[in-house]
Amino acid sequence: MSDGGVRIEVADRGIGVPAADQPRVFNEYHRSANSGGYPGTGRGLAICRRIVERHGGRIGIEENIGGGSRFWLTLP
């Protein structure tokens with residue numbers, strides 16, 4: 001990044017996160033509509049968001065071309 005920070009991206013080819021769920025995926029206890037057959041509490045991404053924000057960064061999600069999701073985070 002031009003400001004000296006760093007951007008990290010992690011992509012997968014899993015079930016993906018529907019576009020309608022992406023704005024809420026980092027909220028505590030939110031589970032996507034298509035996650036019914038998968039275990040989880042809906043807390044993991046909320047914890048990640050808290051950690052990144054407490055370090056002055058940002059976190060987000062995008063659709064991964066070819067399927068799945070692309071998660072990114074920036075840190076100063």
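**Salt bridges, core and contacts in a predicted model**

E28 and R43 pair up through their side chains in a salt bridge, at 2.8 Å from N to O (the term asks for a side-chain nitrogen of Lys or Arg within 4 Å of a carboxyl oxygen of Asp or Glu). Both E28 and R43 sit in the loop between β1 and α1, yet the pair links distant parts of the chain, 15 residues apart. Strands and helices here are DSSP runs numbered from the N terminus, with at least two residues (E) for a strand and at least four (H or I) for a helix. E28 is partly exposed at 34% relative accessible area, and R43 is partly exposed at 32%; buried means under 20%, exposed over 50% and partly exposed in between, with a 1.4 Å probe and protein chains only.

A word on the source: this is a predicted model, in which local features need pLDDT of at least 70 and side-chain atom pairs count only at pLDDT 80 or more, while totals for chains, interfaces and linings use all residues. Residues are numbered from 1 along each chain as its sequence is written, and side-chain values use heavy atoms, with hydrogens and water left out.

The structure holds 7 salt bridges. One of them joins R7 to E62, with the closest N and O atoms 3.7 Å apart. This pair also bridges distant parts of the chain, as R7 belongs to strand β1 and E62 to strand β2, 55 residues apart. R7 is partly exposed at 37% relative accessibility, and E62 is partly exposed at 35%. Elsewhere, R24 and D21 meet at 2.9 Å, N to O. In that pair R24 counts as partly exposed, at 37%, whereas D21 is buried, at 6%.

Turning to the nonpolar side, the largest nonpolar core has 6 residues in all, namely V17, V25, F26, V52, I59 and I61. Such a core is a set of buried Ala, Val, Leu, Ile, Met, Phe, Trp, Tyr and Cys residues joined through side-chain atoms within 4.5 Å. Beyond its neighbours within four places in sequence, V25 is in contact (heavy atoms within 4.5 Å) with V17, H30, L45 and I61.

F26 is buried, with 8% relative accessible area, and also takes part in the 1 aromatic pair that a search of the whole structure finds. The ring centres of F26 and F71 lie 6.4 Å apart with planes at 90°, so the pair is edge-to-face; rings of Phe, Tyr and Trp (its six-membered ring) pair if their centres lie within 6.5 Å, with planes under 30 degrees apart counted as stacked, over 60 as edge-to-face and the rest as tilted. F26 lies in the loop between β1 (6-11) and α1 (44-54) and F71 in strand β3 (residues 69-75), so the pair ties together parts 45 residues apart in sequence.

T74 is found in strand β3 and counts as buried at 11% relative accessibility. Not counting residues up to four places away in sequence, T74 touches M1, V6, R7, V52, G57 and R58. R58, placed in strand β2 (residues 58-63), is exposed at 53%. The C-alpha atoms of R58 and T74 are separated by 5.2 Å, although these residues are 16 apart along the chain. With neighbours within four places in sequence set aside, R58 is in contact with V52, W72, L73 and T74.
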